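The sequence and model are shown below.

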Amino acid sequence: MGKVKNKAYEWKDRLREGKMLTLVVTLIVIILILTVYAIRKSRDYRQLADNGYNEAFYELIEYVNDTEKMLAKSLISNDEEYIARTLTNTAQTAVLAQSYLARIPIEAQDLERTQKFLNQVGDYCYVLSKKAINKEALEKEDIEKLQELHKNSIELENTLNQLEADLFERNIRWDALQKKGTEALLQNNNNLSKVTFSSIEENLHQYTGLIYDGAFSENQENFKGEGLTGEDINNEKATELAKKFIGEDKIKELASNGEVENARIGCYNFMGILTNEAQVTISVSKKGGHIVSMNSSRDIKEQSISKEEAIQSGKDFLNSREYKNMKETYYMEEGNIITVNYAYTQELNLKGVEPTGETKEELRNVIIYPDLIKVKIALDNGEVLGIEATNYLNSHKEKREIPEIKVSPKQVLEKINKNIEIKQLDIAIIPTEWNSEILCYEVKGRINENDFLVYVNTETGKEEDILLIVDTPNGTLTT
């Protein structure tokens, strides 16, 4: 009987050991499965990011090449209409090149001069295109500056093409470039030529630059960051804010795309895929968690809504994202997409001022042109595809100290040419080339079939600026 009992205990112990062994094996299998899944998911994210970087780099090269060719054409032609069309297209391609340059995972200080160069190409060609639209011949100084821009664009084009050949011949991934930097990779790749984004910057350092930075475009040389309010945030909080801004229901995947520290605005960058399979990139400021930019792209086959509906859609989007009191100003259309500038407005107490007739309601809001946000809107359904808020974050204050108005609207209207048909009278703050701001009356009028804006200082009555309004097939421009 004792032997039977001992045998039973022996079988019980073996069964217990067998269960433990099964449990251990099961746990090991689960851990292995989870590890493989995590590795594959991480690899998928890296591949997704790398594909996005490759696309951005190829598009950058293509748009820089297009910019160079169109600059060359503008120097050859003597036809004002052709020059206007070519310079307008050049400005647009330079802006597109900038947007793709911003998506490449290189430190901001390595891209600063390249960004500035492309920005100045776009701005200056935009100004000259309006000159040509108005049948004004380009002056000798204009031609010389275009020649300088063209020379530098060739250098940038050649350097990018060489960098492309080196990177892909050596099969260097963008994540390695992001982690190690181009200089570290040069030390480990003897056959890799001395072409980096840093060397591009050194070449462009010789570029003297242009004094023009765009109509009512804040001078970014002296970045103030007035709108960067709040405490510093971490990557986790930035991820949460990015998802909230885009809309969590629209996001299929979103992954970190590194940090930018040595820039005017330190950012957390993210890229991902939306539920409609469109790629999206978004940047969130470290200080305060503000959205600096967001961009996505998809096919838009045909226009289904009006320009006015799209502009209202952009305004509603800004309002839903806590950008309150924004007013549309100017816009450009391209490929069934409309890009609209919205300026912040601030209520003004007009007690003691003499508003006249219909202008009284308009005079209650001051248009603050330095606080601009650019919004990209699809013309098929009004979806917001992109936003750029650098100017807004540079200069925005929730409540500006607005100087006392000493010149009444009545006095301003009495000074204006009697042959002018006055359409609207607003009050606006405009930026100056000295990085300051002026409070002005904005008088919109028409004479001899020409629309224009006159800016009259509210303190002195002096005319500060006059802009002609040019309606083109692609949008409303000012010159």
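Leu-27 lies in helix H1, which spans residues 2–76. Helices (H or I, at least four residues) and strands (E, at least two) are DSSP runs numbered from the N terminus. The model is a predicted one: local features need pLDDT of at least 70, side-chain atom pairs count only at pLDDT 80 or more, and totals for chains, interfaces and linings use all residues. Residues are numbered from 1 along each chain as its sequence is written, and side-chain values use heavy atoms, with hydrogens and water left out.

Leu-27 has a relative accessible area of 46% and is therefore partly exposed; buried means under 20%, exposed over 50%, and partly exposed in between (1.4 Å probe, protein chains only). Together with Ile-30 and Leu-34, Leu-27 makes a nonpolar surface patch of about 280 Å². Patches consist of residues with over 30% relative accessible area and no salt bridge, where like charges are joined within 9 Å and nonpolar side chains (Val, Leu, Ile, Met, Phe, Trp, Tyr) within 5 Å. Accessible areas come from the Shrake-Rupley method with a 1.4 Å probe; for residues, only the protein chains shown count as cover.

## Nonpolar cores

A nonpolar core is a set of buried Ala, Val, Leu, Ile, Met, Phe, Trp, Tyr and Cys residues joined through side-chain atoms within 4.5 Å. The largest such core has 60 residues, among which Tyr-323 and Ile-373 touch the most other members. Strand S7 (residues 365–378) supplies the largest share of this core, 5 residues. A second, separate core of 30 residues includes Ala-56, Ile-104, Leu-128 and Leu-146.

Which residues does Tyr-323 touch, not counting residues up to four places away in sequence? They are Phe-245, Ile-291, Leu-318, Ile-373, Ile-387 and Tyr-392, where contact means heavy atoms within 4.5 Å.

Thr-345 is found in strand S6 (residues 337–347), and its relative accessible area of 11% makes it buried. Leaving aside neighbours within four places in sequence, Thr-345 is in contact with Asn-325, Lys-327, Asn-365, Val-366 and Ile-367.

Leu-160 has its place in helix H4 (residues 140–169) and counts as buried at 2% relative accessibility. The C-alpha atoms of Leu-160 and Tyr-58 are separated by 9.7 Å, although these residues are 102 residues apart along the chain.

## Salt bridges

A salt bridge is a side-chain nitrogen of Lys or Arg within 4 Å of a carboxyl oxygen of Asp or Glu. By this rule the count is 13. In the pair Glu-277 and Lys-252, the closest N and O atoms are 3.0 Å apart. Glu-277 lies in the loop between strands S2 (267–274) and S3 (279–285) and Lys-252 in strand S1 (residues 251–260), so the pair ties together parts that are 25 residues apart in sequence.

Glu-383 forms a salt bridge with Arg-298, with closest N and O atoms 2.8 Å apart. This pair links distant parts of the chain, 85 residues apart: Glu-383 is in the loop between S7 and strand S8 (384–388), and Arg-298 in the loop between strand S4 (291–296) and helix H8 (307–320). Glu-383 is buried, at 17%, whereas Arg-298 is partly exposed, at 21%. Salt bridges that share partners join Arg-298, Asp-380 and Glu-383 into one network.
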